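Look at the model below before reading on. The report then goes through some of its helices, cavities and loops.

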Amino acid sequence: AVPAAAERRLPWRIPAAAAAILAAAAAAGWWASHRPHGTPGAVSQITLAVLPFQNLGADPSIDHLRLALPDEIATTLSYIPTLAIRPFASTQKYAKGDADPQAAGRELRVADVLTGHFQREGDQLRVTLEVVDTDSNRLLWRDTSSAAANDVIGLRDQISTRLRQGLFPLLGAGAGVAEAATRPKSPEAYDLYLRSKPFTSDPDPNTRAIAMLERSVGLDGTFAPAWGELSHRYYYDATYANGGAAAYDRALASAKHALSLDPDLTEAAENLAIYEVEGGDLLGGLERASDMVRRRPQSGRAHFTMGYVLRYWGLLDESARECDAALEVDPHDRDFRSCSATMMLLKRYDRAAVFIALDAGSSWSLSTTIDSMLRDGRRAEGLRLLGDGKELLAGPEIGTLLSTGRSRAQKDAALAAVMTVLEIRDAEPKYFVAAYVSLAGHGPEALRLLRGAVQGGYLCHQAMDNDPLFDPIRQNPEFGAIRAESMRRQNEFVAKRGTGQAR
């Protein structure tokens, strides 16, 4: 499985005195209307999405700012602990620039939407930001910044100051909100960082983005977000291209360096915790996730990351509690869909459906629903959907193995293809593929995959006990040996964690 901004492979896989008085009055009315119900003074997260900006001019040389500026603003806003901001990756579908903010807010299920536009006027670059209330379509805040077109750092600093002075109070942020620990120093390095933002995660564009970011951190090695973005790009190279173990090591090192520069860089911390557990470093991932929860106990992202890490530990009940805490804070974050895996492994299929619904209508949600059917006594219905040509989780090879009407040669080729999952670093896909291979009647291969999951750091004995897809191999002595190995490893980790022995 992969973290937060990345696409998960499996279910596991952002004045004048009079104006100040008016702003204060608007803030009071808006904040009152957005206060949580219940205990007076209670604190709750406000939800906000930042949409791609519009380039109102005809200058294509600055068109990359349509995505780069809102991504930067989303990062700035992420320092507000009581703000649940949608990952900018989930808003990029509105990049055409003709999105209606109210409609987008309803679709993204957020209380407020931040939009913006920019235009080059001579040697000046003007940027206007607006925040719109989703329910009423009322403009809550508007501000314009202007700087020399070649002074991107000055423009960044001006926008950041205006956000802190004007928007932060509207969002309930007090004076103690953390500020970014680093700022860019080299205009060329910062420009490269911004220009890398719009590149997709497909292998060729991702490689170009890596080259830009490597130049950026070479020119300015102290700007934490550039290191965080470079880590994210290396991870894509390791997971979806040909970067392999070397790219993964670079992703890990870059994320650690980003956090050494700015310990409050939320996305880097989340990604690093996930990189670590996916690579078998369960203690490192837990330490990272625990630190996130300590620093931001009201953050849904922090609780989600903790739930993700605990699933690899095999502490499924704890994982479920963290997933529920994340959803309570922010009931609409699409990335929380990964928690459906925890719930399925606990046989809480109704609860799994709640998390699957966070990404309703996607091919992922359909394939994960099929997975749930296979486990929840609706196997015939799930297999019928497979027979209609749907792909299941790990790809069409699994559908070939489980569907009727395929030749022996086709099934043999599909089995050989799915066994290549043993070569990847992440242990969790090996567990899920083992379950499907077991259901398809290939016991020795299923046991090999299952042992690979445990040896890779996916401590799944509780899941094995619950999972009906392993019924065909449950009585095999090797199945029991693998279960015992998982329990032994978990006991060792739990003892180091200092919380006593596993059941």
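Which residues in H20 are buried? They are Gly443, Ala446, Leu447, Leu449, Leu450, Gly452, Ala453 and Val454. Buried means under 20% relative accessible area, exposed means over 50%, and partly exposed lies in between, using a 1.4 Å probe and protein chains only.

## About the model

This is a predicted model, in which local features need pLDDT of at least 70 and side-chain atom pairs count only at pLDDT 80 or more, while totals for chains, interfaces and linings use all residues. Residues are numbered from 1 along each chain as its sequence is written, and side-chain values use heavy atoms, with hydrogens and water left out. Helices (H or I, at least four residues) and strands (E, at least two) are DSSP runs, numbered from the N terminus.

Helix H20 covers residues 443-455. Its 13 residues should span 18 Å at 1.5 Å a residue, and its end C-alpha atoms are 18 Å apart, which agrees. The expected span is 1.5 Å times one less than the number of residues. The buried residues of H20 are covered by elements including helix H19 (428-439), helix H21 (461-466) and H22; contact here means heavy atoms within 4.5 Å. After H20 comes Gly457, with a positive phi near 105 degrees.

Helix H10 has 14 residues, 282-295, and should span 20 Å; the distance between its end C-alpha atoms is 20 Å, which agrees. Among the buried residues of H10 are Leu282, Leu286, Ala289 and Val293. The buried residues of H10 pack against helix H9 (266-278), helix H11 (300-313) and helix H22 (477-497).

## Two cavities

Rolling a probe the size of a water molecule over the atoms shows where empty space is left. On a 1 Å grid over the protein atoms alone, a cavity is a set of points where a 1.4 Å probe fits but cannot get out, and lining residues have an atom within 4 Å of a point. Grid points are joined across faces, edges and corners, and a volume is the space filled by probe spheres set on the points.

The largest cavity has a volume of about 150 Å³. It is lined by 14 residues, and Leu69, Glu72, Arg156, Ile159 and Tyr190 lie nearest its centre. Helices H2 (65-77), H4 (152-170) and H5 (187-196) each supply at least two lining residues, and H4 has the largest share, six residues. By class, this lining has ten nonpolar, two polar and two charged residues. Ala, Val, Leu, Ile, Met, Phe, Trp, Tyr, Cys and Pro count as nonpolar, Asp, Glu, Lys and Arg as charged, and the others, Gly among them, as polar. The second largest cavity holds about 80 Å³, and residues lining it include Pro263, Asp291, Met292 and Arg295. H10 gives the most to this lining, with three residues.

## Single residues

Thr368 lies in helix H15 (residues 363-375). Thr368 is buried, with a relative accessible area of 0%. A polar atom of its side chain lies 2.8 Å from the backbone oxygen of Trp364.

Arg109 is not a glycine, yet its phi is positive, about 55 degrees. It sits in the loop between helix H3 (101-108) and strand S4 (112-121), and is partly exposed at 35%. Lys347, also not a glycine, has a positive phi of about 65 degrees. Lys347 is in the loop between helix H13 (339-345) and helix H14 (349-356), and counts as partly exposed at 44% relative accessibility.

Definitions and conventions
1 Å grid on protein atoms, 1.4 Å probe; cavity = no way out; pocket = protein on both sides within 12 Å on 5 of 7 lines; lining within 4 Å. Polar contact = N/O pair within 3.5 Å; in protein donor to acceptor, adjacent residues only side chain to side chain.
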